[in-house]
Amino acid sequence: MTMGRISLMACLLVAGSWTGPAMAQAPSSSAAPSPAAAPGGAARPAGGGIGYSKEVPVIASGEWTGARLPDGQPDVQGHWSNTIANHNNFTDPQGGSPGEPSRASSLPRDQRAPSRVSDPADGQIPYLPAARALQQDFAAHFADPVKSHYIEPLARCAPGGVPKSFYWHGYEIRQYPGYVLLLFNSGTRIIHLDDTPHLSPSVKLWNGDSRGHWEGNTLVVDVRNNNGKALFGRTGDFMSENATVQERYIFDSDGKRYNYVATFTDPTVYSRPWTATIPARRYTEADTTNGWHYEAEVANQPPGRPLLHERPERICVENNGPFGGGAVGVPLEGAIIAR
Amino acid sequence: MAGPVRQALAAAALAFAALNAAPLLAQASAEIPRTQSGKPDFSGIWQTLSEADYDLEPHAGRRDAPPGPGVVDGGRIPYLPEALAQRQKYFETREKDDPRLKCWVLGVPRSVYYPAPFQIFQRDRDLTLVHQLGHQVRTIHTNETLHPVELEEPYYLGDSRGHWEGDTLVVDVANFNEETWLDRSGNYHSDELHVVERWSFVDKDTISYQATVEDPKVFSAPWTVNVLLNRRRDKNFQLIEDYCFTLPYDQYYPHKEGE
């Protein structure tokens with residue numbers, strides 16, 4: 001198959017770019033999971049360490065006083081990325097992956113970024129017992145994936161899904177009359193800003209089906225049709241295909257920060273609805289591009305134009321490498337579809 | 001009605017049509033959707049009705065393809081002799097070697113005439129093409145930027161730089177890798193592929209799409225594909241993600257037993 005060889009090369013590049021964050025966040029981790037020769041991965045991202053902040057700013061929902069697009073939407077177009085950590089660990093974002101603790105994990109808990117779970121106050125997802133057992137089983141096998149279902153699906157190029165896409169790599173927001181478009185490293189979300197109905201509940205999707213509207217500075221999005229497959233990260237936290245998510249993207253009118261605040265409701269997995277808060281900042285031409293938060297390229301322009309960054313093609317192909325031993329990949333050969 | 005009268009009426013109608021042809025065209029051109037800045041607005045969900053993806057060249061029906069009159073100007077693709085032999089090999093192995101079967105990315109121009117919908121999102125600075133199949137997002141830059149001087153890796157979808165010639169969007173696409181094909185029948189290209197696309201409205205719900213393809217490693221001369229793209233107008237139609245490359249492993253999640 002012609003695709004296999006080159007694809008594996010591409011996959012190594014992608015793998016490199018994702019080990020970057022792990023190294024950047026936990027430079028002393030004893031278990032950097034794969035080859036360290038990561039393009040753009042060695043350096044801590046630009047932005048004064050904000051890519052690894054312990055703080056979650058408070059941004060209140062309210063009026064939007066910043067720039068607007070011609071159709072009236074707050075103008076939040078551009079490049080964004082989270083400010084805390086990647087998907088190593090959902091509730092202890094700077095604590096490291098299961099079985100691969102960061103050095104920071106030995107510090108008192110309040111010296112690391114708080115849990116992404118902002119409600120309940122204990123920072124834990126209120127799982128029902130059976131669901132908690134499944135999550136813990138995944139975490140216990142993450143570094144020893146003796147079965148296929150212990151491989152974090154993003155390691156296979158699956159879409160990051162909700163909410164993991166917001167703390168994976170940086171991403172771009174583009175806006176249009178009637179739509180907000182989210183371009184992630186792995187996957188794309190089209191948020192419809194209209195009253196059209198959701199897809200039939202029988203259709204389950206990695207990124208769900210999104211309907212949204214603006215309330216002042218806040219983009220409110222109802223996400224249904226979730227398939228629950230993407231997981232929230234290497235700790236195996238998850239929702240089921242019965243979950244609905246209400247997202248609130250609360251933008252600071254200065255255009256520099258926003259908080260992603262999402263409430264997860266799923267009576268088959270959780271004992272009550274709970275809320276995640278994920279802080280993000282904007283990246284612009286004033287920032288240095290890097291392989292994690294800001295994977296932009298310098299545009300080639302006629303002489304005399306101001307610096308312009310643009311998003312290169314993002315295609316993750318056949319990236320089958322799990323972490324830890326006992327690799328269980330996906331066969332490279334054969335047709336996946338019969339259509 | 002008497003014969004002579006009818007003939008006179010017919011002649012008058014013809015004369016009227018001739019006199020009014022230009023204004024009618026102008027009217028049609030005014031009726032296409034336009035952005036605030038006055039450019040044709042290609043926003044919407046589009047899909048070909050053509051058989052182009054089955055085989056770009058004229059072909060009778062066969063087990064894996066409905067018949068098609070061909071969409072290549074002049075009928076045949078002008079292969080170099082060795083490349084033609086390779087294409088014939090690919091034709092024989094198409095049911096396992098067509099890269100579309102991986103569900104990742106189809107390339108350019110194939111992603112445009114593949115029989116699945118794609119959505120165009122348009123701003124003055126660019127057009128974003130989100131294709132339903134796989135994970136294919138192409139940005140056509142219309143901000144006078146140029147192809148990159150060098151790329152870390154060539155692109156599956158190429159690097160697209162567009163400009164307007166009247167109401168036609170002309171897009172120069174370069175910097176390809178060689179991982180995609182041009183259709184299901186084994187028509188292929190190398191990493192020297194260069195495509196020039198011309199996008200223009202026929203009417204508000206139909207785009208004329210033309211792609212001129214050159215590749216000195218594979219073809220003896222440039223050649224051109226013409227297809228129409230039709231606006232999807234089914235009630236409440238929307239793109240539905242089709243990350244079919246996940247099918248070999250999606251049964252393992254969330255937290256399900258598997259091999």
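B:Phe201 sits opposite B:Ile207, a residue of strand 8 of chain B. Strand 8 (residues 206–214) of chain B pairs with strand 7 (residues 194–203) of chain B, antiparallel, over 9 bridges. Pairing here asks for at least two DSSP bridges between two strands, and helices (H or I, at least four residues) and strands (E, at least two) are DSSP runs, numbered from the N terminus.

Before going on, note that this is a predicted model, where local features need pLDDT of at least 70, side-chain atom pairs count only at pLDDT 80 or more, and totals for chains, interfaces and linings use all residues. Residues are numbered from 1 along each chain as its sequence is written, while chains are lettered from A and ligands numbered from 1 in the order in which they are written.

Over in chain A, you'll find 2 helices and 14 strands.

Finally, the two chains meet: 53 residues from chain A and 49 residues from chain B make the contact, which is counted when C-beta atoms, placed from the backbone, lie within 7 Å. On the side of chain A that touches chain B, helix 1 of chain A gives the largest share, 5 residues.
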